[in-house]
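User: I am new to this structure and would like to understand the terms used for it. Could you take me through them with examples?

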Amino acid sequence: MALSSTQSAILRRDLAFKNLAARSLTATIVGGIVGVGMAIAGFGVWSLVGMNLARGMAGVIVLWQASDWRPRLHISKKHYKELFSFGISITGNNVLRVLVRRSDDFLIGYFLGPTMLGFYTIGYRLLLMIIRLVTGIINSVAFPTFSRIQHNPIRMRGAFYKVTQYTNLLAFPVFIGLALLASKLIPALFGAEWAQSIPIMQILALSGILQGVLLLNGSVLKATGKPSWQFGIMLVTAVCSVIGFLLAVRWGIIAVAAAFVIVSYLMAPISYIAVRRQIQVDVKSYLGKFALPLFASLIMILVIVGLKYVIEPQGLHAYAELFVYIVAGAVTYTLVVGLTAPSILRQVVDLTSPLLPRWNLRGIFKYVR
């Protein structure tokens with residue numbers, strides 16, 4: 001990872017995500033072949049080790065071919081000082097993020113035992129995967145983009161508003177849907193014996209919504225040269241989270257999940273204030289970006305709840321039932337957005353249409369104008 005981190009950073013700065021995607025794809029294929037091959041050959045758990053080593057090596061080779069930057073023995077003290085003052089805050093922020101993310105696991109395992117930790121882990125496993133899918137790509141693009149326009153606050157503020165709205169158009173229905181369908185998802189995916197994980201997923205899904213709301217704040221602070229502010233916010237969050245977990249763990253895993261969400265929401269205004277000081281975000285304009293996804297999500301909830309009363313007595317297979325709810329929710333949400341804000345839906349389609357098959361997507365708008 002160290003042998004390719006600089007090349008990766010340069011490619012991200014240049015928005016050369018095609019090369020980064022090629023690295024990920026190649027590394028995954030190579031790692032998979034090595035891992036499966038070692039498993040078939042009888043190496044057991046060492047197959048996982050071989051898979052990770054092969055994946056890392058393949059990634060290094062691809063990035064070194066894609067980038068002409070090479071490490072040299074020459075060291076610039078000036079640049080080192082500049083990078084150190086910036087990077088130490090980011091490193092500290094990442095360390096604290098791991099502390100927040102794992103301290104609840106540690107305390108549950110220590111005080112409540114591995115069984116309760118298992119229920120808690122299943123409750124957030126799917127949630128974390130979806131958070132990475134929703135936020136990972138946007139974060140990768142947002143930071144280098146904001147960095148390019150950091151000296152133009154008006155452009156940066158406009159980009160912040162627009163990407164915030166796009167992100168929440170996706171985050172609100174996804175995480176609200178997870179909370180609504182957790183009672184069906186967990187038994188279908190993991191089995192009925194994991195029913196105690198259902199309230200954990202429902203509670204932690206609220207933090208997923210907040211992830212969408214606050215997604216860009218860290219990118220803005222880093223792009224404007226204030227990673228120390230981000231570190232300070234994370235330090236306070238870490239202290240409050242650990243204290244909250246210590247107080248809540250005696251009441252069980254549901255209380256720990258609730259403590260995590262409560263601390264996250266209490267800290268959210270501090271993050272907003274920091275961003276507002278940097279790019280002069282207007283409160284009304286900012287909150288207005290959440291109105292449409294929230295309204296459309298509420299209508300989606302009503303439709304899914306109504307369908308539950310109709311479908312559950314029919315005794316459908318769990319997967320078929322989930323399929324109906326997900327499709328109905330997605331169609332309802334899209335129609336509400338299209339009917340109430342067709343211009344926004346057109347913008348989303350324009351952004352995503354290059355990634356989709358060559359269907360006549362714009363034709364749908366004649367029905368929603």
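Analyst: A nonpolar core is a set of buried Ala, Val, Leu, Ile, Met, Phe, Trp, Tyr and Cys residues joined through side-chain atoms within 4.5 Å, where buried means under 20% relative accessible area, exposed over 50% and partly exposed in between (1.4 Å probe, protein chains only). The largest such core has 81 residues, of which Phe146, Phe160 and Phe175 touch the most other members. This is a predicted model, in which local features need pLDDT of at least 70, side-chain atom pairs count only at pLDDT 80 or more, and totals for chains, interfaces and linings use all residues. Residues are numbered from 1 along each chain as its sequence is written, and side-chain values use heavy atoms, leaving out hydrogens and water.

User: Why does Tyr120 count as buried?

Analyst: Tyr120 has 0% relative accessibility, so Tyr120 counts as buried; Tyr124 is also buried, with a relative accessible area of 4%.

User: What makes the pair of Phe172 and Phe290 stacked?

Analyst: Rings of Phe, Tyr and Trp (its six-membered ring) pair if their centres lie within 6.5 Å, and planes under 30 degrees apart count as stacked, over 60 as edge-to-face and the rest as tilted. The ring centres of Phe172 and Phe290 are 6.4 Å apart and their planes are at 20°, so the pair is stacked.

User: How do you know that the charged end of Arg101 sits over the ring of Phe260?

Analyst: A charge sits over a ring if NZ of Lys or CZ of Arg is within 6 Å of the ring centre and within 35 degrees of the ring normal. The charged end of Arg101 sits over the ring of Phe260, 5.2 Å from its centre.
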